[in-house]
Amino acid sequence: VSASARVSRPTLYRYFPTKEALLLALARHEQDRFDVGLRAAVESAPTSDEQLERATEYLVDFLHENRARQLIDVEPLFVLDRLRSSLPVQTTAIAELLGDALSRTPPVRRGDATPHDLAEMIARIAMSHFLLPHPDPEALLRTRKQNLRSEESEPCRTRSRLFLRHLKLTICN
């Protein structure tokens with residue numbers, strides 16, 4: 001790390017005394033970068049439909065280009081712990097940022113889900129895509145479009161059925 005950063009080891013250790021401190025700083029940096037980019041993508045969209053579209057596109061691009069994915073092979077327990085602890089934070093941030101757009105989706109209008117449920121689903125899909133990336137990054141976009149926009153004749157009535165329906169769409173893609 002010190003060689004890549006072009007600093008001496010003592011300088012690196014002055015700022016990051018442990019490997020965990022370095023990993024945590026990297027995780028915070030990536031989280032901040034993601035939050036700023038997502039907010040900019042959403043705020044640049046004039047309608048709630050476009051906000052949802054731009055947020056999903058940003059999410060796919062961010063995950064596809066994220067170099068932190070290499071940490072999964074090096075420090076899998078750290079990555080899993082960070083994903084677990086950041087799920088509620090991400091869910092709340094997505095729900096707050098896209099609340100109006102999520103409220104207009106068919107699953108919410110039908111009463112099958114709440115905006116918070118959909119925000120959590122988006123966060124979980126993103127985390128799954130981060131851990132096990134699909135060879136075609138656009139698959140996540142197609143799945144999101146099918147799941148949030150399709151009007152189905154047979155409505156789901158529970159969160160578990162909503163999740164299973166989404167899982168089926170994900171697997172089929």
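**Ground rules.** This is a predicted model, where local features need pLDDT of at least 70, side-chain atom pairs count only at pLDDT 80 or more, and totals for chains, interfaces and linings use all residues. Residues are numbered from 1 along each chain as its sequence is written, and side-chain values use heavy atoms, with hydrogens and water left out.

**Whole chain.** I looked up the secondary structure and found 10 helices and 0 strands in the protein chain. Helices and strands here are DSSP runs numbered from the N terminus, helices being H or I with at least four residues and strands E with at least two. Next came burial: 42% of the 173 residues of the protein chain count as buried. Buried means under 20% relative accessible area, exposed over 50%, and partly exposed in between (1.4 Å probe, protein chains only). For contacts (heavy atoms within 4.5 Å), I took those with a separation of 6 or more, and 70% of them join residues 24 or more positions apart. The protein chain exposes about 10,400 Å², with 57% of that supplied by carbon and sulfur atoms. Those areas come from the Shrake-Rupley method with a 1.4 Å probe; for residues, only the protein chains shown count as cover.

Rolling a probe the size of a water molecule over the atoms shows where empty space is left. I noted the terms: on a 1 Å grid over the protein atoms alone, a cavity is a set of points where a 1.4 Å probe fits but cannot get out, a pocket is an open set with protein on both sides within 12 Å along at least five of seven lines, and lining residues have an atom within 4 Å of a point. Grid points are joined across faces, edges and corners, and a volume is the space filled by probe spheres set on the points. My search of the whole structure gave 3 cavities of 30 Å³ or more. The largest cavity holds about 480 Å³ of space. It is lined by 22 residues, with Glu30, Gln31, Leu83, Ser86 and Phe130 closest to its centre. Which helix gives the most to this lining? H6 does, with 7 residues. By class the lining has 16 nonpolar, 4 polar and 2 charged residues. Nonpolar covers Ala, Val, Leu, Ile, Met, Phe, Trp, Tyr, Cys and Pro; charged covers Asp, Glu, Lys and Arg; the others, Gly among them, are polar.

**Largest pocket.** I put its volume down as about 520 Å³. Of its 22 lining residues, Val1, Leu12, Leu22, Leu23 and Leu26 lie nearest the centre. H3 brings the largest share of the lining, 8 residues.

**Thr105.** I found Thr105 in the loop between H6 and helix H7 (106-110). Thr105 is buried, at a relative accessible area of 3%. Its side chain reaches the backbone oxygen of Leu102 at 2.8 Å.

Ser8 sits in the loop between helix H1 (2-5) and H2, and is partly exposed at 38% relative accessible area. Arg6 lies in the loop between H1 and H2 and is exposed, with a relative accessible area of 77%. Most residues other than glycine have a negative phi. Arg6, although not a glycine, has a positive phi of about 60°.

Technical notes:
A polar contact is a pair of N or O atoms within 3.5 Å; within protein, one must be able to donate a hydrogen and the other to accept it, and residues adjacent in sequence count only if both atoms are side-chain atoms.
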